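Here is a short report on a protein model with two chains.

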Amino acid sequence: MSELTIKDLHVEIDGKEIVKGIDLTIKKGEIHALMGPNGSGKTSLAYVLMGHPKYKITKGEILLDGQNILSLSPDKRAKLGLFLGFQYPVEVSGVSLSNFLRTVYMSVNGQKKKDVGEEVLSILEFREFLKQKLQELQMDQSFANRYLNEGFSGGEKKRAEVLQMAILKPKIAIIDEADSGADVDALKLIAKGIADINKTNNTGILLITHYNRILHHLAPDYVHVMINGKIIKSGDKKLADEIEEKGYETLRAG
Amino acid sequence: MDKQILNLRKEYAEKYGFSVPDKSVHKTEPGLSERVLREMSEIKGEKNVNEWIHKFRLRGLNHFLKRPLPKWGGDLSSINFDEITYYLKPTEKEETSWEELPPGIKSTFDKLGIPEAERKFLSGVGVQFDSENVYHSLKKDLEKKGVIFVDPDTGLQKYPHIFKKWFGSIIPPEDNKFSALNSAFFSGGSFIYIPPGVEVKQPLQAYFRINAEGFGQFERTLIIVDEGAKAHYIEGCTAPIYSKESLHAAVVEVVALPGSHFRYTTLQNWSNNVYNLVTKRAHAFEGATVEWLDANIGSKLTMKYPSVFLRGPRAKADILSVAFAGKGQHQDTGGKVVHLAPNTTSKLIAKSVSKDSGRTTYRGLLHVSKLADNVKSTVRCDALLLDEISKTDTYPYNEVNNESATITHEATVGKIGEQQLFYLMSRGLNEQEALSLIVSGFFDAFAKEIPLEYAVEFNRLIRLEMIGAVG
């Protein structure tokens, strides 16, 4: 059973502690929502899980299927089945989305599939697969030829992140503010895309979100509230409703 | 060192960096003098045939000896002109069948994939090995339409009227020190004439190979595209990896007559012991379009600024110059556009990448003359630095003497951000792969303009440069 385990994680940046002892386990197939106000350390946690070089881990462990991944670079974590959907995806000029997706597909899945004797999708099969995924996400086929994230609207960028996730088929996906910059229609598609990968690939999801807007379309199994670098409360979907109603302030006070 | 890099170094050396034993039929002593020039002229059979060309050579030599080295640009101080061999004749005659070539020369071009490319998608091929063209072909239907594609010696002998009319008129020997040197010792290259209205659909290709060590290659190209004609010329060049330095000083003159369309593509991949000092210039007449696509990946130092003089109304210039400078390399490149007539337009785009202490310099000129009304021009140069020890400089010169001109000028210097790398690495690419992807994206504007087969080669060379597999 695949799982991501975070044990007593403490993180510093520029000498300042921003993650102050987090314990969290995400099993395959589960959907966890991590909620919290701005500046609570949610995005930092996401970056740390994926291996961003600018953070310093002062204490604790991150385990993927029991293996400590703290010393691994982001690409190695990706190859082990970890994915991060970015709040602000980066633009890469001159690299078409289709070329990029094929490159990362080969990089992450190519070798893995060969190792277990599975067939890797040929270029034509891949093109078909991509066409279908674009359709599902209601993205125009012309997106395949556009440069990665360049000139994409907020909602388009987020859908492109979901697309990348669908192609990489991770064991565990961390999705940072999947809904920021997306309108209602895009939001539904993004939620559906996440639900699909969760269902078909049994991907464990850590959904990082400020508001519970997306949670109306994607029911979490667990909800955690993070404030000031710590998870102060965990519960089920009702906790998200409570936050919607009363805000973070009452929890902070409690 | 990591095994992958060692393998790629081997791959580079085997594919481009090899040499074959020198089996030349004539070779002058190292160094340059009037005596050497006469010897070469005699071997080429010029002396009794054509005093005109011999005088031209002497004019070049005299100017070269008088003219000091340029004080700008790259460091030329370590070129030892006395140690260079100026003429090396590889075979008795040029062949029209690959099978007739000596085995060493044939295997060289086989390895470089030229016969294969010729079969697949070229209209004609000329290949030069050291000082002379050794093989040459042109499709029969083009020959019937009057297209001429020969080496300059043949051009002068068989088509003296066209040849003499234009030769040396676009770039006179006195233009600069290295055009003077070329004018003195030029050998090999191409003479091309496209008759009025003829469209050459598939590219004509020239391939320049240096095989000898401490050698100077001085090919000379003259291309005349007559009224309403259209053609695309591609050149590639490589050399073995030697410790001793070689010199490549070419001159390329292009005449684009009214309404013609001409594109000249270069994929320069000299080994890192070659000084590449080249003068390229085109004159575009009324309504003609000239495009230079110039990629400089190899060489120790390249100084090259393809230029277009827009001489007739509505003529158009399009220059795209890309450069990659790795360890020990300096790419001093760019372009020049001179607007001499009204309603002329130009676009000059330069993109460069520096890595491992490599240095790139953009040098560009935009000149608009008083008589040129309603000129439109776009100049853009982008430099990408991959580390702290690499360098880039920009020298844009704008001389605008007519107020009706619309000029846009943009320049950027970029570094690859931590966030961009992190993003790509989070998708499973290692640092090297992520950097390569960013760089190939940076050069995409060039790669997508050239035929697919060349784009593949170009991307492969960039990849080799990126992992430090060259040199």
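In this predicted model, the rule finds 14 residue pairs in polar contact across the interface of chain A and chain B, with both residues of each pair at pLDDT 80 or more. Five elements of chain A each supply at least two residues of the side that touches chain B: α1 (42–50), α2 (74–80), β6 (82–85), α3 (97–115) and α5 (154–168). Of these, α3(A) gives the most, with five residues.

The rule also finds one salt bridge across this interface. B:R427 and A:E161 form a salt bridge through their side chains, at 2.6 Å from N to O.

Now the extent of the interface. In contact are 33 residues of chain A and 19 residues of chain B. The area buried between the two chains is about 2000 Å². Carbon and sulfur atoms give 64% of that area. A:D75, A:F86 and A:V90 supply 23% of what chain A buries against chain B, more than any other three residues.

Next, the largest pocket. Its volume is about 1400 Å³. The lining has 40 residues, and the closest to the centre are A:N99, A:T103, B:L437, B:S440 and B:N459. Elements giving two or more residues to the lining include α3 and α4 (123–136) of chain A and α11 (431–442) of chain B. α13(B) gives the most, with seven residues.

The table lists both surfaces by residue class.

Methods
Residues are numbered from 1 along each chain as its sequence is written. Chains are lettered from A and ligands numbered from 1 in the order in which they are written. This is a predicted model: local features need pLDDT of at least 70, side-chain atom pairs count only at pLDDT 80 or more; totals for chains, interfaces and linings use all residues. Side-chain values use heavy atoms; hydrogens and water are left out. Contact means heavy atoms within 4.5 Å. Buried area is the accessible area (1.4 Å probe) that two parts lose on being put together, summed over both. A salt bridge is a side-chain nitrogen of Lys or Arg within 4 Å of a carboxyl oxygen of Asp or Glu. A polar contact is a pair of N or O atoms within 3.5 Å; within protein, one must be able to donate a hydrogen and the other to accept it, and residues adjacent in sequence count only if both atoms are side-chain atoms. Helices (H or I, at least four residues) and strands (E, at least two) are DSSP runs, numbered from the N terminus. On a 1 Å grid over the protein atoms alone, a cavity is a set of points where a 1.4 Å probe fits but cannot get out, and a pocket is an open set with protein on both sides within 12 Å along at least five of seven lines; lining residues have an atom within 4 Å of a point. Grid points are joined across faces, edges and corners, and a volume is the space filled by probe spheres set on the points.
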